Amino acid sequence: MKQFRIITIEREYASGGTQVGKLTGEALGLPVYGREILDMAAREGGTTAEYIEHLEETCTNSLLYSLVAMAKTAGGQLPQISQTDQLNLLEGKIIQRLAQQGPCVIVGRCAGWVLRERKDVLSVFIHAGRQDRIRRAVEEYGVQENQAASVLHRFDHRRSNFYHANTGLNWREREGYHIVLDSGLLGVPRCADILVSAVRCGG
């Protein structure tokens, strides 16, 4: 059996995936990284997290293209690629660095794809039914009920585009993950329990 050291979680908006990551990290005594990666990239890239998010919302180039351009550049200098791709590459390097530092949980940022060559990564996707997510958005995130559906669509569309732009893959395609969990059906705590068991029973 595989021994998992890194758990990566992609999630639909308001599915509770971030909370699943936090509970999993707490149970296993592991650091959890999500928004922190965006903040690290902003500091190291000399910009702000808000600006990176703006670039991500309008990104069209593939990270695959950026990697090819990087490979063709000698001397370790960045080629003439867009600022969006440079920041995406920086995020990828940060994710690789965090994984090298030790076991952890990483939420979002295409981490499963970035770490796809590693054999110790458990890649997870958390989803839930539309009504379950609308309820969570209203009750837990403070979204106005009459705006909840449009907020769900906007965030899901952004995450899907970001994932596809960086990986060339379909964000919701289950073949891209080891485990797909319905947090509306199972509940957030049970989803975390499943991941904890997968890590503890592996290897």
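Is Tyr-177 buried or exposed, and what is its relative accessible area?

Author: In this predicted model, Tyr-177 has a relative accessible area of 8%. Because the limit for a buried residue is under 20%, Tyr-177 counts as buried.

The ring of Tyr-177 pairs with that of Phe-125. Their centres are 5.1 Å apart, and with 40° between the planes the arrangement is tilted. Phe-125 belongs to strand S4 (residues 121-127), whereas Tyr-177 is found in the loop between H8 and strand S5 (179-182); the pair therefore ties together parts that are 52 residues apart in sequence. Phe-125 is buried as well, its relative accessible area being 3%. The two residues also belong to one aromatic cluster, together with Tyr-163 and Trp-171.

The structure holds five aromatic pairs. One of them joins Tyr-13 and Phe-155 and is stacked, with 4.5 Å from centre to centre and 15° between the planes. Tyr-13 lies in the loop between strand S1 (6-11) and helix H1 (17-28), and Phe-155 in helix H8 (residues 148-167), so this pair ties together parts that are 142 residues apart in sequence. Tyr-13 is buried at a relative accessible area of 9%, while Phe-155, at 27%, counts as partly exposed. A further aromatic residue, Trp-113, has Arg-116 over its face, at 3.8 Å from the ring centre.

The largest nonpolar core has 23 residues, of which Ile-6, Tyr-33, Ile-37, Ile-94, Ile-95, Ile-106 and Leu-115 touch the most other members. At least two residues each are supplied by helix H2 (35-45), helix H3 (49-57), H5, strand S3 (104-107) and helix H6 (111-114). H5 gives the largest share of this core, namely six residues. A second, separate core has 19 residues, among them Phe-4, Val-20, Leu-30 and Val-188.

Helix H5 itself covers residues 83-101, 19 residues in total, and spans 27 Å from its first C-alpha to its last, close to the 27 Å expected. Its buried residues include Leu-87, Leu-90, Ile-94, Ile-95 and Leu-98. Apart from neighbours within four places in sequence, Ile-94 is in contact with Ile-37, Met-40, Ala-41 and Glu-44. After H5 comes Gly-102, which has a positive phi, near 150°.

Technical notes
Residues numbered from 1 in each chain as written. Predicted model: local features only at pLDDT ≥ 70, side-chain atom pairs only at ≥ 80, totals over all residues. Heavy atoms only, no water. Helix = DSSP H or I, 4+ residues; strand = E, 2+ residues; numbered from the N terminus. Expected span 1.5 Å × (residues − 1). Buried < 20%, exposed > 50% of the residue type's maximum accessible area, 1.4 Å probe, protein only. Core = buried A, V, L, I, M, F, W, Y, C linked by side-chain atoms within 4.5 Å. Contact = heavy atoms within 4.5 Å. Phe/Tyr/Trp six-rings, centres within 6.5 Å; stacked < 30°, edge-to-face > 60°. Lys NZ or Arg CZ within 6 Å of the ring centre and 35° of its normal.
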